[in-house]
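Here is a short tour of a protein model with more than a single part to look at. Keep the picture open as you read.

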Amino acid sequence: MSCTNLGTPEQEEQLRAVTASLKGTPGAIMPAMQKAQGIYGYLPFAVQKLIADDLGVPLEEIYGIATFYSQFALVPKGKNRIGVCMGTACYVKGSAQVLEALETNLKIKTGETTPDGLFTIDATRCLGCCGLAPVLSVNEHVYGKVTAEKIPEILNNYRN
Amino acid sequence: MLFRSHILICGGTGCSSSRSKDIFAAFEDGLKTQSLDKEVKLVLTGCFGLCALGPVVIVYPEGSFYSKVTPDDVREIISEHIVKGRIVKRLLYEETVKQDGIQSLNETNFYKKQLRVALKNCGVINPENIDEYIARDGYKAYEKVVTAMTPQQVVDEIKASGLRGRGGGGFSTGLKWQFTKDAQGDKKFVCCNADEGDPGAFMDRSVLEGDPHCVIEAMMIAGYAVGSDQGYVYVRAEYPIAVQRLQVAIDQAREYGLLGKNILGTGHSFDLEIRLGSGAFVCGEETALMTSIEGHRGEPRPRPPFPAIKGLFGKPTLLNNVETYANITQIILNGSKWFAAMGTEKSKGTKVFALGGKIANTGLVEIPMGTTLREIIEDIGGGIPNGKKFKAAQTGGPSGGCIPAELIDIKIDYDNLISIGSMMGSGGLIVMDEDNCMVDIAKFFLEFTVDESCGKCTPCRIGNKRLLELLDKITSGKGEPSDIPKMEELCQYIKDNSLCGLGQTAPNPVLSTLRYFKDEYIAHIEKKTCPAGVCKALLNYSVQADKCIGCTLCKRNCPVAAISGEVKAVHTIDPAKCIKCGVCMEKCPKKAIVRR
């Protein structure tokens, strides 16, 4: 983990613009971190440090927030983020089996990323498409009424 | 401009997931090619409610309700229905088809018993167009309060309506407004809790997606009543469409001078800001939510002082949830008497439920308080699919409990649900059939709360963890009879000693399943079996030799190659390799595979 790596010059510029625009706003830390994650895909150490310095808060507070909320990531995620909904409606309709089929197929556990960096599996909270349960999302795309058998087909859409 | 036809396309999250945006694009394209885009208006609306039939398209003036529409069907709807006036019968929702034509959607079983107050505009207007909201009496309630009512009269009206908080607790909304109004402070805040974290609940999201202006207007009214000029809406990050539509609505309201300084020249000022959650269930708790808006880890703090006295940034704060706000404008416009005439003695008005799980008509329903669970499940919900038996309904999410089949005639209101060990909660209603194991369901909710506990107080952090370990022990076949009294004692301890609502209600799913389904716990502990066939450690799959025809289907579909056998010979399952996924059982055409 490097202390100086702020990504590409464009990313760094965007980040500095975010902190500059939020400075002085009450409760600015979370919006700043959310925007930073939008720029980098996760929150590298250097980015947390810059937010802390620019907003004038201790670094440990930033780190504390990053580890408290499940949507902040401290390590990069795979190119395609698969989220299997573990809401009640999906669970009673078999989302645990769907998750298991994914783990078997990709040979990784929930929360992990495949060695080629192509997929990350997450068990997510309710996505609110309970009418289509069980559902999973790949990036922004939601697949409804998923069964274990449909998994290979869904994954193939992202393999090439 | 006048249009001869309106095509309404559902743009709720459910239908959006089944590609309703592609359907919108296909209509746009098709109408343009036929040069009909000046005669027919396309509207992307909020949720219609019947998510199970999505994507849904309604064509007016006929009111034809097309279900499960694909982009390929669009061409037919345009060429047949729009051009020639011939309704495409094969796509109609079958319940709307009558011999002498089509019947209104409101006459179908799903809608007949519903009463839409909070969802008045959902599925009717384009949520991204403020003019459509204004045309449906939008911002009229706000105009009424600032020009003709004193703040105290507004508070009195809400109190008289009997409205109670729709987020779960059921506290009197009018009293909350009164406390915040009476609190001393140079600055006050009005907040909206849209951190709808209960799994299986999507009422608030549907209101924000389908009718965002009604929440904005209600918050403006609340601001006037309690003396606040600044509001915050705290929305879950998992709801991108809701956030985007709310932002559009706020921008439009600002542009129209409805948000900002000196609104409508009345001297009243109010503005709104959206704050996003980042995935923490505990932030739905009011003190944790405010800590999160302040930009910290969303940990709750002890009450009192209550938010009405010392809330956001230490100032008096009013906090209501989305559905509560969605009732406000209509109480102001129609009067508290109108509202109080609906519902039961102590629970007035309607309640929106997200109907999910093992039920035919999954979706969003709004019913008057006092409707029975039977009416919701059998009439509105269309019953349990696949000929299975109704076992229980779960309300209140991880804080609630299960209503067993024998209590199906219970009238749904706040107090009745609490008396049977469940709670209204925010409105998720998950139906379970005989294939669901109640011990497993209790474990599912405990896993959720253990994962989401913020860790600040010990009874919740450690107590729930110990409770989950006991459930784990039981579902993996290692339970002992003494575990049940141990769990009951622990549940009571956690309830009595936790700091916030999350911990205080976390044992409810365990307590309520112990109350109504103790026999299932006993079967797991004493007989080491799972009657519903869910808990894997207690199950074994095997092939019945006399039924197997050797078709190899099970062998070919087994994901871990645990099945062996030649064509036309009896197959066998290797229990050491079997992951108990159940695929073989699903695939077998002769029902030769059994799970014991």
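This is a predicted model: local features need pLDDT of at least 70, side-chain atom pairs count only at pLDDT 80 or more; totals for chains, interfaces and linings use all residues.

## A sheet in chain A

Chain A holds an open sheet of 4 strands in the order β2-β1-β3-β4, with mixed pairing. β2 (119-124) and β4 (141-143) of chain A are the edge strands; each has a single partner strand, so one side of each has no neighbour in the sheet. On average, neighbouring strands of this sheet are turned by 20° against each other, direction ignored. Strands here are DSSP runs of E with at least two residues, helices are runs of H or I with at least four, and both are numbered from the N terminus. Two strands pair if DSSP finds at least two bridges between them.

Strand β3 (residues 136-138) of chain A runs antiparallel to β4(A), and 3 bridges join them. Val138(A) has His141(A) of β4(A) as its bridge partner.

Helix α6 (residues 95-106) of chain A lies across β1 (80-85), β2 and β3 of chain A, at about 150° to β1(A). Axes are lines fitted to C-alpha atoms, for helices over the stretch in contact, and angles run from 0 to 180 degrees between N-to-C directions.

Residues are numbered from 1 along each chain as its sequence is written, while chains are lettered from A and ligands numbered from 1 in the order in which they are written.

The model scores ipTM 0.90 and pTM 0.92. Chain B has a mean pLDDT of 94, and 100% of its residues reach 70 or more. pLDDT is the predictor's confidence in each residue, from 0 to 100.

## Where the chains meet

The contact takes 43 residues from chain B and 36 residues from chain A. Residues are in contact if their C-beta atoms, placed from the backbone, lie within 7 Å.

| Element of chain B | Residues |
|---|---|
| α1(B) | 13-17 |
| α12(B) | 286-293 |
| β11(B) | 350-357 |
| β15(B) | 428-433 |

By class, that side of chain B has 17 nonpolar, 21 polar and 5 charged residues. Ala, Val, Leu, Ile, Met, Phe, Trp, Tyr, Cys and Pro count as nonpolar, Asp, Glu, Lys and Arg as charged, and the others, Gly among them, as polar.

Notes
Two residues are in contact if their C-beta atoms, placed from the backbone, lie within 7 Å.
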